[in-house]
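Please look through the sequence and the coordinates shown below before reading on. The explanation after them is meant to be followed with the structure in view.

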Amino acid sequence: MSTHQRIGEFLLRRLRDIGTTHVFGVPGDYNMSFLEQIEADPDLSWVGTCNELNAAYAADGHARGGRPGVLLTTYGVGCLSALNGVAGAYCEHIPLIHLSGSPPLHATRDGLRLHHSLLDGGYRNVHRAFAEFTAYTETITPHTAVEVIDHALLTALRTRRPVRLELPSDLSHVEIAVPTEPLDPGTPDGSTASEEAAAVLSEALAGARTPLLVIDLPAVRRGLMPAIEAFCAAHGVPYTCTVPAAHTADPDASLYLGLLPGSERAQQKFRDADLLISCDLTETDVTTAGFTLDYRSRPHVRLSADAVASGTQVFYGTDTADVLAAVSVP
């Protein structure tokens with residue numbers, strides 16, 4: 001079923017659907033119309049900051065507490081002032097949602113040379129600047145608003161990466177047809193892929209004598225620690241954390257070996273392991289002790305946000321928690 005709603009109000013409804021309670025940012029002439037809609041929303045709180053970089057960090061910090069982090073800036077100078085904070089959220093796997101007011105849609109289509117732009121009639125340069133640090137960046141139009149907004153919010157939640165939407169200043173009060181159903185933030189159905197990946201992991205675990213599971217920070221960001229600890233307890237698999245994931249595991253758990261590198265117990269288990277299971281591991285100089293930890297010379301099952309890989313086999317669309325829960329070893 002569908003109804004009619006103003007674009008800005010629909011965007012705010014979708015933000016509420018995914019649990020948004022606060023919007024951080026700085027007013028500017030291209031976001032004022034949308035800001036009025038935020039202030040009129042009884043379920044959302046506006047938090048103004050001294051500058052856009054502060055707002056980006058505030059939204060990042062808010063997202064780390066479990067709620068969506070939403071940032072609002074004006075176009076051009078406002079966006080670029082926040083870029084470092086958005087890039088930091090990208091590195092840290094934080095689902096930051098960056099909303100930017102932008103010049104009127106007719107002005108960008110006609111290439112008018114407006115303030116806060118480069119005065120060359122081009123309006124894709126800011127998108128290109130953010131493309132390296134977001135999982136999705138796009139401009140909302142009346143014809144694409146529902147699709148673009150829903151895709152952006154779901155992408156942020158599923159990839160644990162920032163996304164960016166531009167809302168032209170003349171569109172926030174334009175009425176369009178929108179669905180009445182709330183946005184479901186659940187992940188796509190990956191049950192078949194998860195079952196297949198679990199079978200491969202089960203087979204690998206059954207043939208291993210000294211397995212070791214390694215946890216990197218993105219797994220913690222995705223809330224996987226309970227699933228990982230339950231899996232390790234059920235199958236007697238010792239586990240360790242990379243340096244970025246320090247202080248996230250229960251130090252008193254009998255199967256927890258400490259940091260890798262760092263703990264001598266963890267390093268010895270790593271050397272002796274005949275199967276490595278990694279959760280969201282990024283092999284960097286920090287996580288590999290200056291690239292001295294060799295993850296490639298023995299069987300290795302890699303679990304990530306959207307796939308499980310084992311050798312040449314890759315299963316896309318998996319849910320890590322479902323994979324771990326479905327593992328069965330005779």
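This is a predicted model: local features need pLDDT of at least 70, side-chain atom pairs count only at pLDDT 80 or more; totals for chains, interfaces and linings use all residues.

Residues are numbered from 1 along each chain as its sequence is written, and side-chain values use heavy atoms, with hydrogens and water left out.

The secondary structure of the chain comes to 12 helices and 15 strands, where helices (H or I, at least four residues) and strands (E, at least two) are DSSP runs numbered from the N terminus. Along its principal axes, the C-alpha trace spans about 65 × 45 × 35 Å. Of the 330 residues in the chain, 50% are buried; buried means under 20% relative accessible area, exposed means over 50%, and partly exposed lies in between, with a 1.4 Å probe and protein chains only. Among contacts between residues at least 6 apart in sequence, 71% join residues at least 24 apart, a contact being heavy atoms within 4.5 Å.

Helix 1 (residues 7-17) and helix 2 (residues 32-40) pack at an angle of about 50 degrees, with their axes 10 Å apart; axes are lines fitted to C-alpha atoms, for helices over the stretch in contact, and angles run from 0 to 180 degrees between N-to-C directions. Helix 1 and helix 2 are therefore oblique to each other, since angles under 35 degrees count as roughly parallel, over 145 as roughly antiparallel, 65 to 115 as roughly perpendicular and the rest as oblique. In this pair, Gly8, Glu9, Leu11 and Leu12 of helix 1 meet Phe34, Gln37 and Ile38 of helix 2. Sorted by class, this contact has four nonpolar, two polar and one charged residues, where Ala, Val, Leu, Ile, Met, Phe, Trp, Tyr, Cys and Pro count as nonpolar, Asp, Glu, Lys and Arg as charged, and the others, Gly among them, as polar.

Helix 1 also packs with helix 7, at an angle of about 25 degrees and with their axes 11 Å apart. That makes helix 1 roughly parallel to helix 7. On the side of helix 1, the residues that meet helix 7 are Ile7, Phe10, Leu11, Arg14 and Leu15, and their partners in helix 7 are Ala145, Val146, Ile149, Asp150 and Leu153. By class, this contact has eight nonpolar, no polar and two charged residues.

Elsewhere in the chain, helix 3 (residues 52-64) and helix 4 pack at an angle of about 30 degrees, with their axes 7 Å apart. That makes helix 3 roughly parallel to helix 4.

The next topic is the nonpolar cores. In soluble globular proteins, nonpolar side chains tend to be buried together. A nonpolar core is here a set of buried Ala, Val, Leu, Ile, Met, Phe, Trp, Tyr and Cys residues joined through side-chain atoms within 4.5 Å. The largest nonpolar core holds 32 residues, of which Ile97, Leu99, Ile140 and Leu165 touch the most other members. Elements that give two or more residues to this core include helix 1, helix 2, strand 5 (96-102) and strand 7 (163-168), while helix 7 gives the most, with seven residues. Leu99 touches Leu11, Leu15, Phe34, Val70, Leu71, Leu72, Thr73 and Leu165, not counting residues up to four places away in sequence. A second, separate core of 31 residues includes Ala198, Ala249, Val308 and Phe315.

Some details of the backbone also deserve attention. Most residues other than glycine have a negative phi, and most peptide bonds are trans. The peptide bond from Leu260 to Pro261, however, is cis, with omega near 0 degrees, and Pro261 lies in the loop between strand 11 (256-259) and helix 11 (264-272). His93, which is not a glycine, has a positive phi of about 60 degrees; His93 is found in the loop between helix 4 (77-91) and strand 5 and is buried, with a relative accessible area of 17%. Asp280 has a positive phi near 60 degrees, lies in the loop between strand 12 (275-279) and strand 13 (300-303), and is buried at a relative accessible area of 8%.

Finally, Pro179 in strand 8 counts as partly exposed at 21% relative accessibility. Pro179 touches Met1, Ser2, Phe10, Arg13, Arg14 and Val146, not counting residues up to four places away in sequence.
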